[in-house]
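Biologist: Before we discuss the fold, please show me the sequence and the model.

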Amino acid sequence: IDLELERGQMLGVIGPSGAGKSTLIQLLLGLRSPTTGRYLVNGIDRDDVELDSWFARVAFVPQEPRLIGGSVADNIRFWRDLDDDAVQRAARRAHVHEDVMAMAAGYDTDVGPRGSRLSGGQKQRVTIARALAGEPDLLILDEPTSALDLRSEALLEETFSSLRGHLTMVVIAHRLSTISACDRL
């Protein structure tokens, strides 16, 4: 493929199973190198960019949110040294802050095994907050609305709107409502 992404753009990727969406994600994340051609980041071959530096600038939100045992804050921090302000800022950007504040222990609420005490939408938005807490330049989301109710999907659309122009997003989706917010498909 020949693809150029500008900073702040939101690209929607659609296609049937087996079309290469997962391969594209792996290439964009730097988990795989192209077998032919080049992958350039600001004119530099991606393979020449130091991995620690690269992984600090990109974030991935999988289709199925994975939470760790611990609190909401633990799940947003995800073993990083982030202060409470950074955790709450990310939660606000992911539109999950108000849900968390309505919980009995707020950010100290235990999410239960694999997030069993949270709804599907809350889990997905906590996972998005985790990704945003690192303040990435590139955010890749794989089917972010696949298991969401209408309220959670609307909150996710608000997140997309607020992030537009501030970071580059690639959204893999099947739902037309999810990719309708994209600049390009």
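Modeller: Two strands pair if DSSP finds at least two bridges between them. Helices (H or I, at least four residues) and strands (E, at least two) are DSSP runs, numbered from the N terminus. The model is predicted: local features need pLDDT of at least 70, side-chain atom pairs count only at pLDDT 80 or more, and totals for chains, interfaces and linings use all residues. Residues are numbered from 1 along each chain as its sequence is written, and side-chain values use heavy atoms, with hydrogens and water left out.

Biologist: How many bridges join strand 5 to strand 6?

Modeller: Strand 5 covers residues 138-142 and strand 6 covers residues 168-172. L139 stands opposite M169 in strand 6. The two strands run parallel, and the number of bridges joining them is 5.

Biologist: What is the order of the strands in the open sheet?

Modeller: The sheet has 4 strands with parallel pairing. Strand 1 (10-13) and strand 4 (58-61) are the edge strands, each pairing on one side only. The order is 1-6-5-4.

Biologist: Which strands does helix 1 touch?

Modeller: Contact means heavy atoms within 4.5 Å. Axes are lines fitted to C-alpha atoms, for helices over the stretch in contact, and angles run from 0 to 180 degrees between N-to-C directions. Helix 1 (residues 21-29) packs on the sheet, its direction making about 160 degrees with that of strand 5. The strands touched by helix 1 are strand 1, strand 4, strand 5 and strand 6.

Biologist: Is I25 buried or exposed?

Modeller: I25 is in helix 1, and it touches F60, I140, D142 and I172, not counting residues up to four places away in sequence. Buried means under 20% relative accessible area, exposed over 50%, and partly exposed in between (1.4 Å probe, protein chains only). Because its relative accessible area is 7%, I25 is buried.

Biologist: How far apart in space are I25 and I172, C-alpha to C-alpha?

Modeller: In sequence, I25 and I172 are 147 residues apart. Their distance in space, C-alpha to C-alpha, is 8.6 Å.

Biologist: What is the radius of gyration of the protein chain?

Modeller: The chain has 8 helices and 6 strands. The radius of gyration is taken over C-alpha atoms, and the globule rule is 2.2 Å times the number of residues to the power 0.38. For 185 residues that rule gives 16 Å, and the chain's value is close to it, so the chain is as compact as a globular protein of that length; its radius of gyration is 16 Å.
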